[in-house]
Amino acid sequence: MAESLYFEYPVDGENFASAGQASTRVKRNLRELGLDSETIRRVSIAMYEGEINMVIHARGGVAKIEVTDSQIIIILEDKGPGIANIEQAMQEGFSTAPDDVRSLGFGAGMGLPNMKRYTDYMNIDSVVGEGTTITMKVNY
């Protein structure tokens, strides 16, 4: 692939029915590009976890994807409340999801840890009261 390919998907906030649509579209696009199934799986898991976090905590946002000839770069941006303590949020099982979200089976505190687990690089830039940008990279 000589040039990078770019995809951008809105993430609808507070709509669990649409959560996962962006990661499903990316999965389809990566299959069409002929990427290997393990890379597609890793990208899909990281993106889905990020989408769910944007739905639960930030009332949506945008997922931007860049596919180069050696990696997939995922940028998730939202204008939500921000993450007050990133170190604490990265702990498995830590969650600030409300009870009504947990009753739906979400908010188990594995989103950010799984995003890190399935990517080769992850950076969280968050400002309380302004929003969060998460950048992830998956090498292939």
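Predicted model: local features only at pLDDT ≥ 70, side-chain atom pairs only at ≥ 80, totals over all residues.
A residue is called buried when its relative accessible area is under 20%, exposed when that area is over 50%, and partly exposed in between.

Two aromatic pairs are counted in the model. In one of them, Phe7 and Tyr9 are stacked, with ring centres 6.5 Å apart and an angle of 15 degrees between the planes. Phe7, at 22% relative accessibility, counts as partly exposed. The other pair is formed by Phe16 and Phe106, which are likewise stacked. Here the distance is 4.8 Å centre to centre, and the planes stand at 20 degrees to each other. Phe16 belongs to the loop between β1 (5-12) and α1 (21-32), whereas Phe106 belongs to the loop between α4 and α5, so the pair ties together parts that are 90 residues apart in sequence. The relative accessible area of Phe16 is 24%, which makes this residue partly exposed. Phe106 is also partly exposed, at 22% relative accessibility.

Phe16 also takes part in the surroundings of Val55, a residue of helix α2. Val55 has a relative accessible area of 1% and is therefore buried. When neighbours within four places in sequence are left aside, the contacts of Val55 are Val11, Asp12, Gly13, Glu14, Asn15, Phe16 and Ala19. By contrast, Ser70 lies 15 residues from Val55 in sequence, yet the C-alpha atoms of Val55 and Ser70 are 30 Å apart in space. Ala19, one of the contacts of Val55, is placed in the loop between β1 and α1. With a relative accessibility of 14%, Ala19 counts as buried. Apart from neighbours within four places in sequence, Ala19 is in contact with Tyr48, Glu51, Ile52 and Val55. Between Ala19 and Ser70, which are 51 residues apart along the chain, the C-alpha separation is 28 Å.

The loop between α2 and β2 (60-67) contains Arg59. The phi angle of Arg59 is near 60 degrees, a positive value in a residue other than glycine. Arg59 has a relative accessible area of 58% and is therefore exposed.

The largest pocket has a volume of about 630 Å³. Its lining comprises 34 residues, and those nearest the centre are Asn53, His57, Ile83, Thr96 and Leu112. Two or more lining residues are given by each of α2 (37-57), β3 (71-78), α3 (86-89), α5 (111-117) and β5 (131-139). Among these elements, α2 gives the most, with eight residues. In composition, the lining of the largest pocket consists of 17 nonpolar, 15 polar and two charged residues.

Leu112, one of the residues nearest the pocket centre, is also touched by Met90. Met90 is situated in the loop between α3 and α4 (99-102). Not counting residues up to four places away in sequence, Met90 touches Leu112, Pro113, Lys116, Met122 and Ile124.

The loop between α5 and β4 (121-127) holds Asp120. Asp120 has a relative accessible area of 42% and is therefore partly exposed. Residues up to four places away in sequence aside, Asp120 touches Arg42, Lys137, Val138 and Asn139. Asp120 and Asp36 are 84 residues apart in sequence, and their C-alpha atoms are 16 Å apart in space. Lys137, which is among the contacts of Asp120, also lies over the face of Tyr121, at 5.1 Å from the ring centre.

Notes
Residues numbered from 1 in each chain as written. Heavy atoms only, no water. 1 Å grid on protein atoms, 1.4 Å probe; cavity = no way out; pocket = protein on both sides within 12 Å on 5 of 7 lines; lining within 4 Å. Points joined across faces, edges and corners; volume = space filled by probe spheres on them. Helix = DSSP H or I, 4+ residues; strand = E, 2+ residues; numbered from the N terminus. Nonpolar A, V, L, I, M, F, W, Y, C, P; charged D, E, K, R; others polar. Contact = heavy atoms within 4.5 Å. Phe/Tyr/Trp six-rings, centres within 6.5 Å; stacked < 30°, edge-to-face > 60°. Buried < 20%, exposed > 50% of the residue type's maximum accessible area, 1.4 Å probe, protein only. Lys NZ or Arg CZ within 6 Å of the ring centre and 35° of its normal.
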